Amino acid sequence: MALIDIRQLTFSYPAAAAPTLHGVDLQVEAGEFLALCGVSGSGKSTLLRHLKPALTPHGERSGEIFFDGQPLGELSERQQSQEIGFVFQSPDDQIVTDKVWHELAFGLENLHIPQEIIARRIAEMASWFGISQWFDRDVSTLSGGQKQRVAIARIFLKNPPILILDEATSALDSVTEAKIQRAFDALAKGRTTLIIAHRLSTIRAAHRIVSIAEGVISEC
Ligand code: ADP
Ligand code: MG
């Protein structure tokens, strides 16, 4: 049984002339690394946002999405937060606190994890993504690419089995992106991963590539 099972998903934004997603069928197995391609405006973000109910856009929808055999909408907030790590394209959409350290610790404090374990995990994750030197900085003073590195480090701290990245490295230069990608590939091993990316180097680790054009999905 697929871990994520999307069946005949059709979705229209309010007042849109035509659906953004047309009868999308997509099954993702546990542990699979899937890359989603398509030109700007083809519906990539709209599709991925359907995989986390807290982010699902408002509009008219038909079809079904199952998570591990259970309708996705039945997952509790806590399950959603623990199971599915989501990184947006725009780093400013996901910053919730002031200092980089707080930004990293935020989700963990909510899970009531002891402080010393939080500190150890953050130190380890920060070294993967080269962000330790920014702990005391205000997140607002970081560049877009630096914010993206913090955002990617942050999802791994919660250790979610599913990772969804929507152009999460778009503000990085290609040398930094390659470094972050190596860290990401190592940490993502064994997890179910869905990414939207444009550079070939970013999707080289993918097991499967699917493309979306005008809301219709096809295997590459
Ligand atoms: P992609 O991520 O592939 O660039 P999106 O999923 O963001 O594409 O957008 C697909 C289509 O849906 C585009 O035509 C876009 O204009 C439209 N769209 C995206 N978000 C909204 C929204 N909140 N309200 C109305 N239309 C939207
Ligand atoms: Mg998008």
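**Note on ligand 1 and the cysteines**

1. Ligand 1 is surrounded by Tyr13, Thr20, Val39, Ser40, Gly41, Ser42, Gly43, Lys44, Ser45 and Thr46, where a residue counts as near if one of its heavy atoms lies within 4 Å. The model is predicted: local features need pLDDT of at least 70, side-chain atom pairs count only at pLDDT 80 or more, and totals for chains, interfaces and linings use all residues. Residues are numbered from 1 along each chain as its sequence is written, chains are lettered from A and ligands numbered from 1 in the order written, and side-chain values use heavy atoms, without hydrogens and water.

2. By class, this shell holds two nonpolar, seven polar and one charged residues. Ala, Val, Leu, Ile, Met, Phe, Trp, Tyr, Cys and Pro count as nonpolar, Asp, Glu, Lys and Arg as charged, and the others, Gly among them, as polar.

3. Polar contacts (pairs of N or O atoms within 3.5 Å) to oxygen atoms of ligand 1 include one from a side-chain N or O atom of Thr46 at 2.5 Å. A polar side-chain atom of Lys44 lies 2.8 Å from a ligand oxygen, and a polar backbone atom of Ser42 is 3.2 Å from one. The protein covers 54% of the 560 Å² of accessible area that ligand 1 has on its own (Shrake-Rupley method, 1.4 Å probe).

4. There are zero disulfides, a disulfide being a pair of cysteine sulfur atoms within 2.5 Å. The sulfur of Cys37 has its closest cysteine sulfur in Cys220, at 5.6 Å, which is too far for a bond.

5. Cys220 counts as exposed because its relative accessibility is 68%, the cut-off being over 50% with a 1.4 Å probe and protein chains only.

Technical notes
A polar contact is a pair of N or O atoms within 3.5 Å; within protein, one must be able to donate a hydrogen and the other to accept it, and residues adjacent in sequence count only if both atoms are side-chain atoms. Buried means under 20% relative accessible area, exposed over 50%, partly exposed in between (1.4 Å probe, protein chains only).
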